[in-house]
Structures are given as C-alpha cells and as structure tokens.
There are 4 protein chains.
Amino acid sequence: MLELIELKKELTITNPSTGATIETLSETSFYEASQLINEAEKAQIGWAKTPIKERAQVFYKYLELLKNSKEELAKLVHLENGKTLSESIAEIEKSIELTEYACSLPQIAKGDLLEVSKGVTCTTSYEPIGVVANIAPFNFPHMVPHWTAPNALMLGNAVILKPSEHVPLSAIKMKEMLLKAGLPKGLFQTVLGGKSMVELLCENPTIKAVSFVGSTPIAKIVYAKASASHKRCIALGGAKNHLIVMPDAHPEMTANNVIASMSGCAGQRCMAASVMLAVGNCDNIINLMITEATKVIPNKTLGAVISKFAKEKIENHITLAEKQGAKILVDGRGITVTGKENGYYVGPTIIDHVTSEMTIAKEEIFGPVISIIRTESIEEALQIENDSEFGNAAAIFTQSGRTANETIKSFSAGMVGVNVGVPVPREPFSFAGWNDSKFGHGDITGDASILFWSNLKKTTTKWNPESKTNWMS
Amino acid sequence: MLELIELKKELTITNPSTGATIETLSETSFYEASQLINEAEKAQIGWAKTPIKERAQVFYKYLELLKNSKEELAKLVHLENGKTLSESIAEIEKSIELTEYACSLPQIAKGDLLEVSKGVTCTTSYEPIGVVANIAPFNFPHMVPHWTAPNALMLGNAVILKPSEHVPLSAIKMKEMLLKAGLPKGLFQTVLGGKSMVELLCENPTIKAVSFVGSTPIAKIVYAKASASHKRCIALGGAKNHLIVMPDAHPEMTANNVIASMSGCAGQRCMAASVMLAVGNCDNIINLMITEATKVIPNKTLGAVISKFAKEKIENHITLAEKQGAKILVDGRGITVTGKENGYYVGPTIIDHVTSEMTIAKEEIFGPVISIIRTESIEEALQIENDSEFGNAAAIFTQSGRTANETIKSFSAGMVGVNVGVPVPREPFSFAGWNDSKFGHGDITGDASILFWSNLKKTTTKWNPESKTNWMS
Amino acid sequence: MLELIELKKELTITNPSTGATIETLSETSFYEASQLINEAEKAQIGWAKTPIKERAQVFYKYLELLKNSKEELAKLVHLENGKTLSESIAEIEKSIELTEYACSLPQIAKGDLLEVSKGVTCTTSYEPIGVVANIAPFNFPHMVPHWTAPNALMLGNAVILKPSEHVPLSAIKMKEMLLKAGLPKGLFQTVLGGKSMVELLCENPTIKAVSFVGSTPIAKIVYAKASASHKRCIALGGAKNHLIVMPDAHPEMTANNVIASMSGCAGQRCMAASVMLAVGNCDNIINLMITEATKVIPNKTLGAVISKFAKEKIENHITLAEKQGAKILVDGRGITVTGKENGYYVGPTIIDHVTSEMTIAKEEIFGPVISIIRTESIEEALQIENDSEFGNAAAIFTQSGRTANETIKSFSAGMVGVNVGVPVPREPFSFAGWNDSKFGHGDITGDASILFWSNLKKTTTKWNPESKTNWMS
Amino acid sequence: MLELIELKKELTITNPSTGATIETLSETSFYEASQLINEAEKAQIGWAKTPIKERAQVFYKYLELLKNSKEELAKLVHLENGKTLSESIAEIEKSIELTEYACSLPQIAKGDLLEVSKGVTCTTSYEPIGVVANIAPFNFPHMVPHWTAPNALMLGNAVILKPSEHVPLSAIKMKEMLLKAGLPKGLFQTVLGGKSMVELLCENPTIKAVSFVGSTPIAKIVYAKASASHKRCIALGGAKNHLIVMPDAHPEMTANNVIASMSGCAGQRCMAASVMLAVGNCDNIINLMITEATKVIPNKTLGAVISKFAKEKIENHITLAEKQGAKILVDGRGITVTGKENGYYVGPTIIDHVTSEMTIAKEEIFGPVISIIRTESIEEALQIENDSEFGNAAAIFTQSGRTANETIKSFSAGMVGVNVGVPVPREPFSFAGWNDSKFGHGDITGDASILFWSNLKKTTTKWNPESKTNWMS
C-alpha cells in the first residue's frame, strides 16, 4: 500500500491569458511512474514484434483523428499555453505533418542487403530499443511530443512522455487519442512532475533512451545524467538566434519576417529571432519594423507568455538593456489587456543600438523582444553569430545569391534561413541545432532521428558448403 | 617553460611473441597533448572548407600506399600485438576495406533537397564537427583506428588518436603514411598515454566527439565523462558472444567455424566465440572441434596474447572453471614454445559442461577458450544469450531456414550470424554491438556512423516576393 | 462539329458471374480523347508547380475516402470482374497500400545536394514529365490503375487512364473519388476503347510516357510503338510462373499455398502459380493439394473468369493437355453454378505428369489450372524455369536455408518467393518481372518507378568571384 | 571459314590537327561481332556470380592504372580527336572520376530489406542484365565510354563498346588497360564499324540493353530499333544550349564563362554554349567576350574540329547566319595554322543580333560559335529556351538569388547552371538531358543509371508455420 501513503504534490494548471486556474492535477508518484514504466516495458514486447506496416495503421488512424480534432486540440493549446488560437492551429498542423512523416516510416526505415562475398550475405534491420522517455517543454505542448513519440512508437518502442508541469493537458489528450486510434494499452504513458521526475527518467534502468527539449542548463544536466546511466540521449537546449539583415534585403518582406519571427508565440520558441544584425544602413527596414510591430496586438495577434514570472523576467531584461545604454524603439512593458488584466502579456519590443556585450545580446529572453546590433560589415555580423554559445538557428536577409550562399555556409547553427525568419525545416527534413543548443548527435525528428530510436541489427548469413550434391537429400 | 619540467613517463613496447622489448617511447605530456589538439583545431579550419571530393583524393592516394605496404604493416602488427602474420595481413586488408569505404563518402554523404512549399526550398548538408578523439584498444592496432579516423577525416574533422599503450607503433606508422598521402599537417595526431590521457581527451573543450573501443567498465566511464563534458560519444565495450549449435548443423563447417572463431587472434577480439550453446545432441560436432583444435598450433597458426598478465588471467579462468565443475576437453594452459619461451602463449581450450552460473560463462575471457553449455532446447539457449549483459555478437549454426530466421530475430545482439562464427559486417555495413557492448547510438563504422562524425545543417531558402515584375530592374 | 458525326462504338459491360449485361457505355472517340489529353496538358501546368507536399494532401484525403468505401468499391470489382467479394476486398486493400506509398513520396522523392568543388554546388530535383498514359488490364480493375496513377500524379504529372474494355467501371469510380478528394479537374482522365485507343496513346505527341499492363504480345507492340514515338515506356506482359516443390517442403503449407496461388482470382493474375516443378517424391504434397482443391468452390471461394471466350480457352487448354498425355487429377471443366448457369466458371484443375514440351507447360493459361512436372533434381527444375521466355514470378518450397538461398539466386524472374506462392512484393518494394514479362527498365511501382514518372533536373551553381570584398557594395 | 571471305571495310583514323593518317584499321565483320558477343555472353556468367566487392577490386586496380597513364592517354585523345592536350587531360580526369564512382558501387547498389508482415520478409537485390552495348561518339573518345562501361561492368554485365569510327584508339586502349587490371577476358569487347554495326547491336538478341550517345536523329532511330527488339535503351542526342545573361551578371566571370563554354573542345560537346540570350543591355559583357575570344588561339588554346566535313559545315553555318542578317562580331572562318595547314581549325566566332528564326539559332552547330539573341525580358529569353526541341543544358548568369532560382526552375533542360557555362554534374550526380536530347528514362551515369544496368530481384520469404514446437526435431 506504498502508493497510498506517498505524498502526492499537486499541479495547478493556469490559463496564461487570464491568470485563472484551469485545473488541478496530481503529480505522478515515483511508485506510479515505476509501475507505468513496467507496464510500458511489457506492452513493448508485443509491439516490437508487430511489423512496422501494421504499426503504421494505428498512426494512419491517429492522423485522421488529429485532422478531425484540429480546432478542439488548438483550443486546448491556447488555453494552457496562452498562444493565440491561430498559432495553436498552426501548432496542431505541425503535429499532423510530423504524424504524416511517422506514417511514412515503413518506406524509409528499411534495412540493406548485399552479397558481400561469395555465398555470404549481409543484411541490416532497424530494431526497437525498448522503453524511451520524452521530456517536453511548455512552449509547444502538442508539437514537441509529436516530434518524438510518433517516430519512437512507429519504430517499435514504448514511450514515457513527461510534459511540462505548465501544459500537461495536451499530452493527456494525446494519450487518449492514441488509444482511440488503436495503440495497444500501456505503450504510451504520461507522467506528471518536475525535476525529480526528470531524474527518475534519467536513472530508471528500464528506460533506454531519453530525449529532452528545454533550456540549455537543464539539457546539459539531463544529457550527463542519462549518459551516466548508460542511456543514449539527445537533449535540445536554448537558443539565441541571429538574423543578419543586409542593405539589399527586400524591405517589406524583411521587416515582416523579423517581426513575425520575434513576436510569434510571444517569442517563446527556440526558433524566434532574438538579435538582428543590421549591416550598414538598414534604417528604412527598421522603420518598417516599427510599423509592423503596431500590428502585433496583445490578445489578438499576440498571445500571453507562460507565467507571471516569465513576464517579469522579460520586462526586467528590457529595463536592464535600457540601463546598459540600448534604445527602446518599441516598448512592450507594462501592457494590460482590458478584461484580461491578470493575463501575462508582454508587448512587442524593439531595442536598437544594442552591443554584443549587453546582457540582452547574450542571454535567451524567450519573449517578444528583438535586439538590433548595428555592424559595419557582414564579417563583423558573422563573428557575433559565431561567438554565441548557442547554435540553433540563424538567417540572412539579402537579394544576393552570393551573400546568401557564403553566409549560410559561415553560420555556426543547425537551422539556417535565407529570407526566412523562422527556418524550421519542414518534414522530411530533421530538426535540431548545434553547439549548446543540442547535446548528442543526429537530430530529434526526421531521417536523422531514426538511428536514435532504433538499434541496427547486422546479420551475416552463409549456407554452406557450396556443393549442390546433397540438395536432393 | 612548463614542458621542460614536466615529468614524462616512459612506455615500453613489448613483443608478446618473445617477451622482448621492441622500443621505449615517451608518453605524450599534457602540455604536448594540448598543443597537438590546438594544432589540429587550426588545421581543421582549412580542411573543413576543402570539398569532400578533394579530401577523397588524399584517401585514394593513402589507399594505394596501404595496398603497397601490406606486408610491412602486417609485420609491425605481428611484432607489437603478437597475432600471427597471416592474421596481421587480414587485419591490414580490413583497414584497406575501411579506407575504400571512406573514399566512397562523396557518393554517400550527400545532403537532401526539396521544395517544401511554394517558393521555399529546404536542403541539408553534412558539415564537420571540429576536432574528434579516437581511443583505440590493443587487439587491432591498425584496424580499429581505421574504423574511425578515415571516415572522421573524410567528413572534414581533425582526429586525435590515442592508441593502446601496448601497441602504438601501427598508429605512428599510420600518421606517417597519411602525411605521405598528402593529408595536411596537424589534422591527424597521435597521443601516447593511459588513463589520464583518456580523461584529458574526454574533458578538453576543443574536442567535440569521442569514440572509444575497449572494455565495458572503461567504456561506461568514458561515455559518462565525455557526455558530462557535453561531447557526443560512442563507446564500444566488451563482449561475451554466444554460438548456438543445432543438431542439424553441418558438422565439419560448424566445428571449423567455432574453433576458428574462438582461437583466431588468440581469442582477443570482441567478435570471438566465447560460449557455445549446444542444443540437444551435438557430440559429433564437439568431437570434430577437438580435432580442429589440434590444428591450432602456438607460434604457427596461433599467436601470443598481449601480455604476461593476460596469459595468467586466461589460465586462471580455465582453472577456476575446472574447480567449478566444468570439464576441460582441450587444455591450453602451461604452453611453451621452443625458442620463444618468454612469449605469452595460451593454447586452444575447449571446456565442456559449463553452466550459465559459472564465472567462465559470464565474464569476458579474451583468450582462445570456448565454453560449451549443453541445453535441451533452443528457447533455453536463447534465454542464456538474452540474459547476458553484453550484446555484441551471436550466431546460430543450422541448416534450417526457419530456425536461422527465428533465432537471429530473437538474439539480443548487434551483429548476428547464420553459420558464420565471426559475423563482422563487411563494408558498407556498419559495426557495433548492443546492450553493454556499446554506449551511444548509431554504429562506429559505415553509413550508421556518418551522423556521428557530422553536424547536419538544415537550410531553408525563400526568394520573394513572388511577382516577377522586377526581374529586369 | 466533328464529334457529332464520328461513329461512337458501344461498350457492353458484362457481369462474368451471371453473363448479364451491367451497363452499356460509349467508347471515347478520338476527338474526345484528344480533347481530354489537351485538358490534362493544361491542368498539369499548375499541378507541376504545386509542391509535392501539397499534392500529398489530396492523396491523404483520397486515402480516407478509399478506406471508407472499401466495401462499395469491392462490390463494383466483383460485379464487373467476377472475382469473389473477398478477393475484391483484398484488391481494394492493395489499392489502399499503394496510395499510402504515394502519400509517402514527399519523404522519398527528395533531390540530392553536394558541394562538389570549392564554391560549386550540385543539386538534383525530381521534376514532372507532363501527361502520361496508363493502360490497364481486366484482371485487377482497381489495383492496377493504383500501381501507376497515384505515383504519377504525386510526382506532378497528369494521367490518361485507359482501363480494359471489360472493366471500366472501377476506373470511372476512381476518377470520381479523386475529384472528390480535391484533385484539380482535368488532371486525371479516363478514356474507353480498345486497340486503336492504345495506338492513339502511343502516338499522341503530348503524352510523354506510357505504362502498359497486359499480355506479352501486346506489351511488345506497345513498347515498340511508344518508343518509336520517342516516349519512355514500361510494358508488363504475361507470365508462366514456376513453383519448385522440394521433398522437404512443409506439406500442408505447401499444398495450401500452391492451390491458393493457382486458383486465387480464378488464376487470372500474372502472379498465379502455373507450373509446379515437383522435385523427387512429392506425392504426399500432391495428395494434399487434391484435398485442398475440393475447398475451392465456384461462386463461393472461386470467382468466374472474365468471359465466355476465356472459359472456353482455358477448357480447351485442359483438353489439349489431356490429349498430349498429361493426367488430369482434378478437372475443372464443364462446371455450372446453380442459379448462375450463364456465369463463366472454370473449376480448380490439377494436371499431373505434364512435360515441358506440352502446350500447357509453355503458354499462359490465365485460369485456375496447375500443371505438375516431375523432375529428378533441382537443377532440372531450375533449367525448366530458366528456359521459360517469361520471368515474372517463381517460388521454392523447402525448409532448407541453403536450398532456398541457392534457388532464389538461380531463378530468372523478377519476383521470387520462398514458401510463398504469390510473391507480390508489399510496399515499399516495387513490382515487375524480368525477360518477356516486362519491357523497359525499372519497375512499375515503388522506389524503382520514381525515375520513370520523373525527369531529374541537375543544377550546378556558383556564386563567384570568391573574394568577399564587395559583400557590402 | 565464313570470316575469310567476308569483305572487311577499312577504317582510316585521321589526326584532325594535321589531316594526316594515324593508322588504318579493319572494321569488325558481322561474323566477328557475333563471336565477340557470344564470348561476352559466356564470360558474363561467371562475372555475374562474382560478388560486387570483388568486381570492385578490378576497378580499383584500373583506377591506379588510369592515374598513372594520364599523360599517355591524353596524348592519344589529342591525336585522334584533335582537342588540345590540356582538354585531353581534363577528359582523362573525368574518366578517373567516373571510375571512382564505379568503385563506390558496392556501397550504393545495395538492396533493401523489411519484414512486411508477421514472419514475411521482402528483400531486393540488383542483378546483372547480361550483355549490353555502348555506342559512343567521336567528341569524347575516352570519357563517354567511361560514362557507361565501368558502371555496367561493376553491376555484373558484359559490355560491347562501339566507339566512333573517327576515334577508336582510346577505346582499344581502354580494353587493353581493363585486361591489365584483371578484368576477365571476354567481358569487355570493342567492335569497329558504322551504321550497320549499330543496327547489329540493336538487333542481336543476346544484347539486352543499348546505350547510345550521338546526334538526335540517330538517337531516335537507335531508340526505336533497340526497343522494337525488346531491349531497354537510353539514347542521348544533340543539344542547343542557351545561356541567359542578365544585366546584373558579373561581367568578367560571365564573359570568361561564355567564351570558355562555346569554344572549349572546339565547341564539339553537347554541353557547349550555343545561344546567348542577352536580356536588356549586356553590351559591356559582349565587349569583354570579344576580348576573351582573342585569347582562344587555334592549335594553342583551341583544338581542331573532327573532320574537313565538320569544318566546312560550321563555316557554312556562319555564312548562312550572315546572309540571314546576323552580325559577325568575331569571325572564325578561313583560319589556317602555320605548319598545320591541313588541320581542321575553325576560330572562335561570335555572332550578334541573331533572331530565333535564323538557322543558326535552331540547329546544332558543334563548332566554336556563339549566337547572341537580344531579348527585352527574361520571360522572352525563357520562352526561346523552352521552345527549343532540345533540352540538354541551360544556364543563367546573374547575381540575384531570386532570378537564379526562378530561372533554373523554368528551364526545360536536364542540366542547368547558375553562373556556370558548362553545367556538367560532377559525380555522384548523374548526366543526361531532357526532351530531344535524351530518349528513355533515368540518366546515363550516376545513381540514376543503376536501374538501367540492373534487374531488380524482389524476394519474399516466409518460414512457416509459426509454432516453435518442432525446432528440436
């Protein structure tokens, strides 16, 4: 009766748009978590033996359910995360695209075959690992679990998903819908909890792989802990994405892209523009950005940030930048939305004349804030980008083929864009940054994630001796 | 002048066939190692910008040199490692095959391209990581460095190779030949040392990736240490390979394969047969094995083990097995070779009636010793294989298509064989085990290693706006 | 007003199970066909520019429609083709699987990218061809069009489908459902007609590629004609599939497979078993086959053949075999089904002691008839298979790994089976035979068909000069 | 003794640089050709069974021989073809690159494997076709045979090579060196002859595939004839390559590229620039081209054309253009080289104000002649390119990323370039044009040629029944 006496912590789920409580849930106890992991381990045995084409049938059904529930799922994301409804719909559409990729895995995750020497054939096959853990952040409650779980499941594993404590509702709904689509019971589990639950997942010996998406300091810890427990791990951390804007950039498109990139999802995405490196005279583009920023309206085209704490932290960053000498062109501090006075809104913020030494130029802000650093040359701009410890995304805005080509080669980042403010690779391309934005190798989605979710079995076969004499025997 | 006062340890290289000293070398000091790493870092900048097809020209030239120096290189392996000359030649031939694979990388490590939405194109490219470390064991002085370094170099990285303290000469020769083939200076470095040098490589922040091949306990430590330093790591550990022999197996071929597998390279290979699981009545096969063992003659068809310590450890294992109740069918203890009385020879050893609880059935022996466990059914045999903490290799000997197929699916091992005692995948297939035989994901050679030695850059490009009106402007 | 005076031939669609007329349709006139081709050409321009991921959305929707209409579509196949309802359902399920593959093409038909020399990048992309023609046979009214049209459309082409005159209804329904799924109007056209319509499709200069599935004599003509008009062509012809049965084959499974293979779809499939090569003493298996044949009951588990003519031709072949000295073990001639006296039924037929010189051993019968040739050795059996001018499918029944392996290597056929009577490759594997069973290269489905439905564009890009000095200009 | 009485035609090999006879050879008689084909057929049986990794060893050796004989081979090409020595060296270097690709085929031409349903596994393998014919043109005596023969041989086939009657010496040398490298006797044959030999190769039933490179009218005939004999065929024809030059193009680089493209190999390459589409005001670029043309000096940087007939035909084309109203900016007619007065030299020729109706704008010239068509817009320029019946190569010169991207998408050509005058895809990318520049599908080199030189064997394997009960039996 251990579970009865264990003290279960409560999780309060808050609507960031209003500050109101949505629901109160219990954290998963360690005992419960262990039981769920054991259930998953048992369920995985049969699933591993289910041919991948049969597994795909579950996900084709799930795809249909996702498409039919798009609005409902988006509302839930909006509710628990605070992003706008249209941003929430875009998030579900990305989950759909990720699921389409997972459905395609039977065509992709084939082994190889070759007669390597006379009478000797080598083959390979992608085999499941067992039970894997996916640890997800708050900013994409539905999409990030879909980065990992559909592929991991399709490749024959069981998945333990730990959503962020802020946004567990989409994850719980995901489980419900996977079951409805026919996923065998036990294969996909959600556990609710915080730091100690992360530790449990890193240490539990049944779990063979850990994927993590969150901040860089935690990513480093998770990566080291999971590895110390002999697991494979891919851990995605934070970002500080640089956009280089050249004087020959298309003004309207550039202004529009920069503002959309920095303010979309209230800046709470690892792909958000954070620093604009303006090369030479980009004043007309910056003026257009100021105009664009006026169209970003809290509670209409701009959602709330995740918490009171996040709002305060972002606003403090702006204030610090001001103190350190930067010039606030558009100021998003102190916003209140009528009727939603307790919502966690920060307005779009443009900060000019930032220098690379200022705090705002170096730390991840995770709010709708763009810092402009003026540079004299593209080499200077690239140096700033290269010097960042992160390496998630970067982009160049120009009309010159050569400038674009040279710059993307010089960026030290995993996902780069040419005239694209949010260079998220669409499926079938894979997702992950470089440097301190990702620990481990390969990517977290797409073809570059298949080896992470699999064990490759290499088979060598010989049927000797070569004489045919006893074929009739 | 720090380097002048640093105390440099000496490395004595011994000929295992005679016990005589070949050469005395200095360990690389920490100061020297850091300088070599810095040199490598600098050399890598230009190499990373060298197109892969140009890099390949170095390796085509190196391939020619390897082919022309086969005998010479084999003699060096024989000298420092103790394996026979023909085994040494086979080792160099494998290095050649690995280099051929590396030469093919321009055809393989291509990026992808797709127009993912109207006017938006995604592409990928495999980019170098920087400086990587390869830590190699004593048993394949030439081949194991060729598992990793040619691919790592071809993919644009610099390599720091730490060979085993027992066998650094082949590594030093490799460096000499790579330079002769035109590899830019500084790109490939060897460092000599032991445990503390491994720690340096795991911790030095310039090094971005660590590959390790050795025993499981050290593999675990290296994997955890390198990961704690935020590096990617693949660490191959030990093995305990099981061969299931069915009563319908081809007797001569099976006996020949089992003996060759257990005694080749004096049993000092992670692919060596260690436990034979004899299902039902396999007495005729075991009798043939005894005959085969008589053809395995120290200093002729059987080489020395690496050290006096190794010889004693193996012999102690045999003695312990005897004490625990096993029956020694062929005894390799106490062998001396006339004229090479100080050589570290252990004769081929067959131990019957071993049980799965005995020490000899569980620990890695790394000597020419095969333990026979008698089982009543294939399910019992598979259970023993599955229960092993290792998962490097396993094989089934049978003439039945169904038995072969079911068994290879049930093995919990990365490299499995059907009627093949040493199921090393030939190129282009990749090498690595499962479970405690490998930490990290992907494999250490072949296609499944490309993502380990690379960073994938994902680029999204848009050239807007869509109207063509200003094409002439 | 040309179309008004053109004499339009009538097509009478007959229900083979009853001999009753289902419907009377007009053939497509040449004028109409030309107009439809022109419409397709126009529609293709926009479709070619639609990114493949958007095209896929049509096929995901179509996939849903197919799954929801499985029963209805199967009834239509049963009605116009005569195969049983459960065979018809299996046919629709294969169409679904083919459509799933087509939906996966965005993940598969990616181009490549590599920097081939300093500053020079090569890329490739799969581009549409234009308008293509698919000519389909009567035996799989729904599946064969799904071999080609979904892939061809997904890859950006327009498709003109000419179904068999016997079974146009499924094709017409397919068009209706594709439109419902959102396929742009004009892209997918059906034309009704016979030989002269085939000629038109081979010669019309707007059509760039022709796929054909039918008999070998017509396949040869179509291949030559389309090629003489400078088109690419893949033409699948007939078959004469050999099953080698070894004395060690599993008796029940083998008997079951052979009878299922020869009698499924009333033997009217190019993958049907036609000749059983019994090596050594297979009497017990043949006896089991006779028992199995009793379970194949016309109008229950056995459908009708396509026409009165087909029924007569098959029965004449049996009679001729008898005259030439073969022994009829089970006789399917002269069958009538109560209540369906005018249906075109032929019962399952087993003919023993056939020799390779008999007509029945050489010609394609396309009915539920298996000929048994007794051979002394597997070499003799293989010789008979190799001597056949066809090369569609072949299979070996044995429990020996070596026999299986050696035999499949020796078969001269594109699709081979081990203990599988109908070795149709499942998706993602591709479909096509060898020798006179296929003209042209590549396959008609799967990855091996992508180059047929595409033009590969190879792009080389350089942005020079290399100096960066004028980046700011 | 049929061969004794057959009248053997003589082939006179002429040095185009001097007009002198190099050598006189006999054509291969039909009887001899048939014997060579039969020999090839026999040799292919063993070669087909040789694993691809062993075949590769022959080509690694051949690669060494090629590299060591570069100068010697280049001299032979120079001698029989007339191109300059440095152009000849570049040709051999391309042969080397093609051979490197062929050596890589074991890593590339692997089959696939997947368990497609419970207990059922599908696999594929690339199998040889048999004897294939390669018909080569005069303009690249060494390279074009290396497009096809190394890949065809590596994939297990025998090759009958028919070189151009003008340049058989390089082909004969190729055979000699392949034998020296260890290629089994009989596998690679050369036949000398003209039109009737081409017919023989198209019709001989032992030959299963025909590749052809030459002019479009002959390509059409070969394609139709080979197909009428039920063979697979890929036939590359002529070209009329368009270069669009934008006013924003880099002037020096563009001028240099255009002149190099049109005059390299004396314009006798299917990738040569033929029509320059000057959009807007490109006068400065045209002036630079005139200067560049002065550096193209017959017998120094410009080789001879293949024959007196070729020289006259080219000069007549220039004269006709003049008559039709074009303006000759640089005139290459009537050139003589001192000391080589009988050499077939045509000087570099620039013709301005050509219109798309003029003969020179439509027909393939195959000489060092560039026609300039002035256009007002890029749309007009693209229309001219799109209207050409050919579709081999096309290029755009611009500094704008958008212009480049839109234009390469709009070109109707297989090989397109951005700021690259001769956009030959480097290995591993494949070679072939579109439209009337190529008949058949796939390409003639690289990955896109593998299916042409192979038959894909699809194997489905099942080892049933599933119960494990009789594993011990």
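Predicted model: local features only at pLDDT ≥ 70, side-chain atom pairs only at ≥ 80, totals over all residues.
A residue is counted as buried if 20 or more other C-beta atoms lie within 10 Å of its own.

**Helix H3 of chain A**
- Helix H3 of chain A covers residues 52–68, and its 17 residues should span 24 Å at 1.5 Å a residue; the end C-alpha atoms are 24 Å apart, which agrees.
- The buried residues of H3(A) are Ile52(A), Lys53(A), Arg55(A), Ala56(A), Val58(A), Phe59(A), Tyr60(A), Tyr62(A), Leu63(A) and Leu66(A).
- The cover over these buried residues includes, from chain A, helices H4 (70–81), H5 (85–103), H6 (105–108), H7 (143–154) and H8 (169–180).
- Strand S3 (111–117) of chain D is also included in that cover.

**Domains of chain A**
- The domain assignment divides chain A into domain 1, made of 2–238 + 433–459, and domain 2, made of 241–418.
- The centres of the two domains of chain A, taken over C-alpha atoms, are separated by 31 Å.
- To their contact, domain 1 of chain A contributes 19 residues and domain 2 of chain A contributes 27 residues.
- On the side of domain 1 of chain A that touches domain 2 of chain A, 12 residues are polar, four are charged and three are nonpolar.

**Relation of chains C and D**
- Chain C is superposed on chain D by a rotation of 180° with 0.0 Å of shift along the axis, at an RMSD of 0.0 Å.
- This is the relation of a two-fold axis.
- Both copies use the same surface, as 100% of the contact residues of chain C recur in chain D.

Conventions. Residues numbered from 1 in each chain as written. Chains lettered and ligands numbered in written order. Domains from an automatic or database assignment. Contact = placed C-beta atoms within 7 Å. Nonpolar A, V, L, I, M, F, W, Y, C, P; charged D, E, K, R; others polar. Least-squares fit on C-alpha atoms with pLDDT ≥ 70 in both. Helix = DSSP H or I, 4+ residues; strand = E, 2+ residues; numbered from the N terminus. Expected span 1.5 Å × (residues − 1). Buried ≥ 20, exposed ≤ 12 C-beta atoms within 10 Å, placed from the backbone.
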